Amino acid sequence: MVRKITRADRDAFLWLSEMFYASPAVMHTVPKAYHERAFEELMRSDEYADGYILESEGKIVGFGLTAKTYSREAGGKVLWLEELFVLEEYRSCGLGREFFAMAEAEAREKGFARIRLEVEEENIRARSLYERLGYRPLGYSQMVKELH
């Protein structure tokens, strides 16, 4: 089951978020404060991001995070699938597909033109899922400049 995150999910979200950033699915860890800031932003408003909890038989086993932006290239709003993490023992049970189905339905309902995500080249399992769901490489290299 996929549901919106609530304030009561704070400890579980922080635990899962830290686990995700310590995993091979991401290139580097982030400071603990970043996990806490993300949770507080999710609780503050849905202006920039939405958080979701993934459950199996009433147990919290993962989370998803989406963010919103606008792209002239896409011709409208873009929903970024920022993060999706499921505990190892609950992978390949359909939770990822359920999360994508929910995110895609919500994006269509709210008039988004594109859904975008990032994936590590070496994350073969995730890439395979995304390709089966119809996602394709965009062909851009990304660049960043940290402002803090």
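**Exercise 1.** With which side chain does the side chain of E104 make a polar contact?

*Solution.* Remember as you work that this is a predicted model.

Step 1: Find E104 in helix α3, which covers residues 95-109.

Step 2: Look around its side chain. It makes a polar contact with the side chain of Y135, at 2.8 Å.

Step 3: E104 is then in contact with I115 and Y135.

**Exercise 2.** Which residues touch the most other members of the largest nonpolar core?

*Solution.* 

Step 1: In soluble globular proteins, nonpolar side chains tend to be buried together.

Step 2: Turn to this model. The largest nonpolar core has 36 residues, and those touching the most other members are F13, L54, F63, L81, F99, F100 and Y130.

Step 3: Ask where the core residues come from. The elements giving two or more residues are α1 (10-21), α2 (32-44), β2 (49-56), β3 (59-71), β4 (76-86), α3 and α4 (124-132).

Step 4: Take F13 as an example. Not counting residues up to four places away in sequence, F13 touches I5, H35, A38, F39, L42 and F63.

**Exercise 3.** How do β3 and β4 pair, and over how many bridges?

*Solution.* 

Step 1: Follow the two strands: they pair in the antiparallel sense over ten bridges.

Step 2: Check some partners. T66 has L81 of β4 as its bridge partner, and A67 stands opposite W80 in β4.

Step 3: Go to the turn of this hairpin. Four residues lie between the strands, and G75 takes a positive phi near 80°.

Step 4: Now try another partner of β4. Strand β5 (residues 114-117) runs parallel to β4, and four bridges join them. Here V78 stands opposite R114 in β5.

**Exercise 4.** Which residue in the hairpin of β2 and β3 takes a positive phi?

*Solution.* 

Step 1: Set up the hairpin. β2 and β3 run antiparallel and are joined by eight bridges; E55, for instance, has I60 in β3 as its bridge partner.

Step 2: Look between the strands, where there are two residues. The positive phi, near 50°, belongs to E57.

Step 3: Note the residue type: E57 is not a glycine.

Step 4: Judge its exposure. E57 counts as exposed because its relative accessibility is 85%, and the cut-off is over 50%.

Step 5: Find a second case. S92, in the loop between β4 and α3, has a positive phi near 65° and is also a residue other than glycine. S92 counts as exposed because its relative accessibility is 67%.

How values were computed. Residues are numbered from 1 along each chain as its sequence is written. This is a predicted model: local features need pLDDT of at least 70, side-chain atom pairs count only at pLDDT 80 or more; totals for chains, interfaces and linings use all residues. Side-chain values use heavy atoms; hydrogens and water are left out. A polar contact is a pair of N or O atoms within 3.5 Å; within protein, one must be able to donate a hydrogen and the other to accept it, and residues adjacent in sequence count only if both atoms are side-chain atoms. Contact means heavy atoms within 4.5 Å. A nonpolar core is a set of buried Ala, Val, Leu, Ile, Met, Phe, Trp, Tyr and Cys residues joined through side-chain atoms within 4.5 Å. Buried means under 20% relative accessible area, exposed over 50%, partly exposed in between (1.4 Å probe, protein chains only). Two strands pair if DSSP finds at least two bridges between them.
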